Amino acid sequence: KEQLGKLKKKFESKFETPAESAIFGKYKGKNIIVVQAESLNAFPIGMNINGQEITPNIDSLIESSSYYPNTYLQIGRGNTSDAEFVANNSMYPIAAKGVYQTYPDNKYLSLPVALNKMGYSTSATHGNSADFWNRQEAYREQGYDPFYHINHPEIDRSNIIGMGISDESIFNQMADLYKEMEKPFYNFIVTLSVHRPFELPIEQLYLDLPAEFKDTPTGNYLQSVHYFDRALGSFIEELKEENLWDETIFVMYGDHYGLVPKNEAEIKKLLGVTFDEKERFRIPLIIHHPDQEKSQVNTITASQMDIYPTISTLLGIDGPLVQFGESLDLKKEGFAGFAYETTRFTYFTDDYDYIASHDGRFESGTCMNNRTGKKADIEACRSVYNKLTNDIQDSKFLLENNMVRKVIEMK
Ligand code: GP9
């Protein structure tokens, strides 16, 4: 009870900031479409090979959106499903088999739950079977209904790439379904076509890559990312044609890395990119506000758990809410913290990175000064480390004891 009281105060005081901000509620009542892009890292964004843009549509979306190029993934054992959880709940995913499989029946205060209370229709879309990552079960308490999956009666499953319905087809079908959807709506789309081993049908290999890329994981990955980019471009066009674009907050981010550590040498050789842990964890985050015409590139260190607070601030969702992340329109100190076993308590900030040690002791970790690229005195990393360990413990406590909603609702 005492711990709950403390946590309640913590979230209440955190919430005062968005409530007092000038942008709080600026886009109240607008639709929201969030695209969680499968296996999309940030490094291909803006890349050009032999005069061919890898992501021409994402590049042009950035030209009229807010772009956060230093955003980091925060998945745990639930991989794609944990990215969904983190972005929509702003909590650390500490769970033995991923949050959707470990705590599907908890009561949550996720973005769809909060929006539902505000009269939004809230749906999720994923072109794979409903039970993958236990989504069918988990989506009930996450607040998505309906869930458009591969066997949903309103979904056409004739166009398949790899693990499920192609991105092009699912985007197309959703643009059609929006016409009849009760407004305002929130639709969360989890894409699928960019998935290992990144093998596309020959008709979808649109890029003409140099010979040395042929049959390499890197070449196949870039082809897949380019395919996704095309599908996304057509989707945005359709939203514009249906006059939904200016009525909608559109968010797109990557869930986790696609290529893996064993591809590091090949990526360096073909693209000149150092695919170390930090680069591997870096994903794109783009937020297009209704009527936004200008690009705003914000290089602050951000993370997937900042997505929900950013959206809740723009929409003016009433709080307090349980959110460990921060609204990016208000965030002053860059920060991304990690809770997965192998990276637990590692964090990145604009100034310092702390790389946790395997023995778990703070002193045996490494504190790096990002300005100099050199090792710093370990003490420079201590206070942020303490905050992160506290947040991870609080997140774990709330999940294990099913207290997310209770902590806010208790008197
Ligand atoms: C499965 C899809 C992929 O439905 O979300 O999950 P992943 O293998 O990337 O975790």
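**Entry 1: surface and overall form.** I began with the accessible surface of the chain, which comes to about 17,200 Å², and carbon and sulfur atoms account for 46% of that area. I remind myself that this is a predicted model, so every value I write down here is computed from predicted coordinates. When I looked up how many residues are covered, I found that 60% of the 411 residues count as buried. The C-alpha atoms fill a box of roughly 60 × 50 × 40 Å along the principal axes.

I then listed the secondary structure, and the chain has 13 helices and 18 strands. The radius of gyration is 21 Å, close to the 22 Å that the globule rule gives for 411 residues, so the chain is as compact as a globular protein of that length. I also checked contacts between residues at least 6 apart in sequence, and 72% of these join residues at least 24 apart.

**Entry 2: helix H3.** How many of the residues in helix H3 are buried? I went through residues 79–89, which make up H3, and ten of the eleven are buried, which leaves the helix mostly covered. Among the buried ones I noted Asp82 and Glu84, as well as Phe85, Val86 and Ala87. Just after H3 comes Ser90, and for this residue I wrote down a positive phi of about 55°.

**Entry 3: helices H8 and H9.** Two packed helices are described by the angle between their axes and the distance between the axes. I looked up both for H8, which spans residues 217–241, and H9, which spans residues 264–271: their axes come within 9 Å and cross at roughly 70°. Because angles from 65 to 115 degrees count as roughly perpendicular, H8 is roughly perpendicular to H9. On the H8 side the contact is made by Pro217, Thr218 and Leu222, while H9 brings Glu266, Ile267, Leu270 and Leu271. Sorted by class, this contact has five nonpolar residues, one polar and one charged.

**Entry 4: His226.** Is His226 buried or exposed? The relative accessible area of His226 is 9%, and buried means under 20%, so His226 is buried. Leaving aside residues up to four places away in sequence, I found that His226 touches Glu53, Ile54, Pro56, Tyr206 and Leu207.

Conventions: Residues are numbered from 1 along each chain as its sequence is written. This is a predicted model: local features need pLDDT of at least 70, side-chain atom pairs count only at pLDDT 80 or more; totals for chains, interfaces and linings use all residues. Side-chain values use heavy atoms; hydrogens and water are left out. Axes are lines fitted to C-alpha atoms, for helices over the stretch in contact, and angles run from 0 to 180 degrees between N-to-C directions. Helices (H or I, at least four residues) and strands (E, at least two) are DSSP runs, numbered from the N terminus. Angles under 35 degrees count as roughly parallel, over 145 as roughly antiparallel, 65 to 115 as roughly perpendicular and the rest as oblique. Contact means heavy atoms within 4.5 Å. Ala, Val, Leu, Ile, Met, Phe, Trp, Tyr, Cys and Pro count as nonpolar, Asp, Glu, Lys and Arg as charged, and the others, Gly among them, as polar. The radius of gyration is taken over C-alpha atoms; the globule rule is 2.2 Å times the number of residues to the power 0.38. Buried means under 20% relative accessible area, exposed over 50%, partly exposed in between (1.4 Å probe, protein chains only). Accessible areas come from the Shrake-Rupley method with a 1.4 Å probe; for residues, only the protein chains shown count as cover.
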